[in-house]
Amino acid sequence: MKKGLFITVEGADGAGKSTQIDFIMKYLQDRGIKSVFTREPGGTKIGEKIRDILLDRENSEMNYMAEALLYAASRAQHVAEVIRPALLEGKAVVCDRFVDSSMAYQGVARGLGESVAVINSYAINDCMPDVTFLLKVDPSVSKRRIREDECDRIEQEADEFHRRVYEGYIELEKKFPDRIIGIDASKGVREIGLEIGKHLERIINAK
Ligand code: TYD
């Protein structure tokens with residue numbers, strides 16, 4: 001089974017994931033841990049095509065279940081082609097968003113509920129993250145960090161949608177306390193980095 005270390009980073013749009021992912025990648029590289037960075041939706045040739053369909057603002061008629069299935073389809077390809085092979089080689093995989101995004105955005109915010117977990121159990125096929133860093137920042141703050149004219153189909157949703165995404169993440173944090181580490185992302189970038197570093201040290205030493 002799984003040999004490497006699977007790390008995912010989650011949070012609302014504009015929560016500052018990219019900066020912290022850069023930090024995690026540097027942390028792993030400095031310790032000589034072979035690591036792969038990837039993202040969802042996307043991460044493969046097929047996944048990037050699905051991403052274009054999902055984020056295209058012109059696809060305003062997209063049915064919510066179709067949306068959930070497309071995210072899961074991109075994930076199935078991603079796990080099979082990139083994530084599982086890298087883990088089997090003993091590498092660390094750092095993924096910008098994974099199944100928790102579907103649970104929060106499609107499951108809670110779109111209201112599809114448990115069906116999202118069922119669909120994704122097929123897509124993931126037991127390849128769950130070892131640890132998930134959840135960057136928590138109040139939706140009113142994260143929304144302000146996104147430029148209106150650069151919004152994709154999901155980001156352009158109403159404030160109420162983003163509030164439900166946030167609540168969805170908080171529910172997940174409560175449900176999976178052993179896996180999901182909530183981080184107060186309103187703190188300074190350096191402070192957050194130090195906090196994540198401490199968790200990584202503990203996790204890597206326990207491996
Ligand atoms: P992206 O530009 O990657 O967002 P960010 O830079 O904030 O991570 O766009 C991905 C969008 O897709 C984002 O709004 C969240 C959404 N999403 C879902 O709704 N469900 C999912 O399963 C995933 C992976 C992303």
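Trainee: How much space lies in the second largest pocket?
Mentor: The structure is a predicted model. In it, the space in the second largest pocket comes to about 180 Å³.

Trainee: Which helix gives the largest share of the lining of that second largest pocket?
Mentor: The lining includes Val99, Asp100 and Met103, along with Ala117, Asn120, Ser121 and Ile124. Two elements give two or more residues to this lining, namely H4 and helix H5 (115-124). The largest share, four residues, is that of H5.

Trainee: How many residues in the lining of the second largest pocket are nonpolar?
Mentor: Met128 and Phe176 are among the lining residues, as are Asp126 and Arg179. Sorted by type, the lining has three charged residues, three polar ones and, as nonpolar residues, six.

Trainee: How much space lies in the largest pocket, and which residues are the closest to its centre?
Mentor: The space in the largest pocket is about 520 Å³. Its lining has 28 residues, and those closest to the centre are Asp13, Lys17, Arg51, Arg97 and Glu155.

Trainee: Which element gives the most to the lining of the largest pocket?
Mentor: Helix H1 (17-30), strand S2 (35-39), H2, H3 and H4 are the elements that give two or more residues to this lining. With four residues, the element that gives the most is H4.

Trainee: How many residues in the lining of the largest pocket are charged?
Mentor: Asp13, Lys17 and Arg51 are among the residues closest to the centre of this pocket. The lining as a whole divides into nine nonpolar residues, seven polar residues and, as charged residues, twelve.

Trainee: Which pocket is the space taken by the ligand, and which helix gives the largest share of the shell around the ligand?
Mentor: The ligand takes the space of the largest pocket. Helix H2 (45-55), helix H3 (64-88) and helix H4 (99-109) each give two or more residues to the shell around the ligand. The largest share of that shell, four residues, comes from H4.

Trainee: Which residues come nearest to the ligand, and how many charged residues are in the shell?
Mentor: The ligand has 16 residues around it, and the nearest are Asp13, Lys17, Arg97, Ser102 and Gln106. The shell holds five nonpolar residues, three polar residues and, as charged residues, eight.

Trainee: How far is an oxygen atom of the ligand from the side chain of Ser102, and what part of the ligand's area does the protein cover?
Mentor: For Arg51, a polar side-chain atom is 3.1 Å from an oxygen atom of the ligand. For Arg75, an N or O atom of the side chain is 2.9 Å from a ligand oxygen. For Ser102, the distance from a side-chain N or O atom to an oxygen of the ligand is 2.5 Å.

Trainee: What is the phi of Arg97?
Mentor: Most residues other than glycine have a negative phi. Arg97 sits in the loop between strand S3 (92-96) and H4. Although Arg97 is not a glycine, its phi is positive, about 75 degrees.

How values were computed
Residues are numbered from 1 along each chain as its sequence is written. This is a predicted model: local features need pLDDT of at least 70, side-chain atom pairs count only at pLDDT 80 or more; totals for chains, interfaces and linings use all residues. Side-chain values use heavy atoms; hydrogens and water are left out. A residue is near a molecule or strand if one of its heavy atoms lies within 4 Å of it. A polar contact is a pair of N or O atoms within 3.5 Å; within protein, one must be able to donate a hydrogen and the other to accept it, and residues adjacent in sequence count only if both atoms are side-chain atoms. On a 1 Å grid over the protein atoms alone, a cavity is a set of points where a 1.4 Å probe fits but cannot get out, and a pocket is an open set with protein on both sides within 12 Å along at least five of seven lines; lining residues have an atom within 4 Å of a point. A molecule sits in a cavity or pocket if more than half of its atoms lie within 2 Å of its grid points. Ala, Val, Leu, Ile, Met, Phe, Trp, Tyr, Cys and Pro count as nonpolar, Asp, Glu, Lys and Arg as charged, and the others, Gly among them, as polar. Grid points are joined across faces, edges and corners, and a volume is the space filled by probe spheres set on the points.
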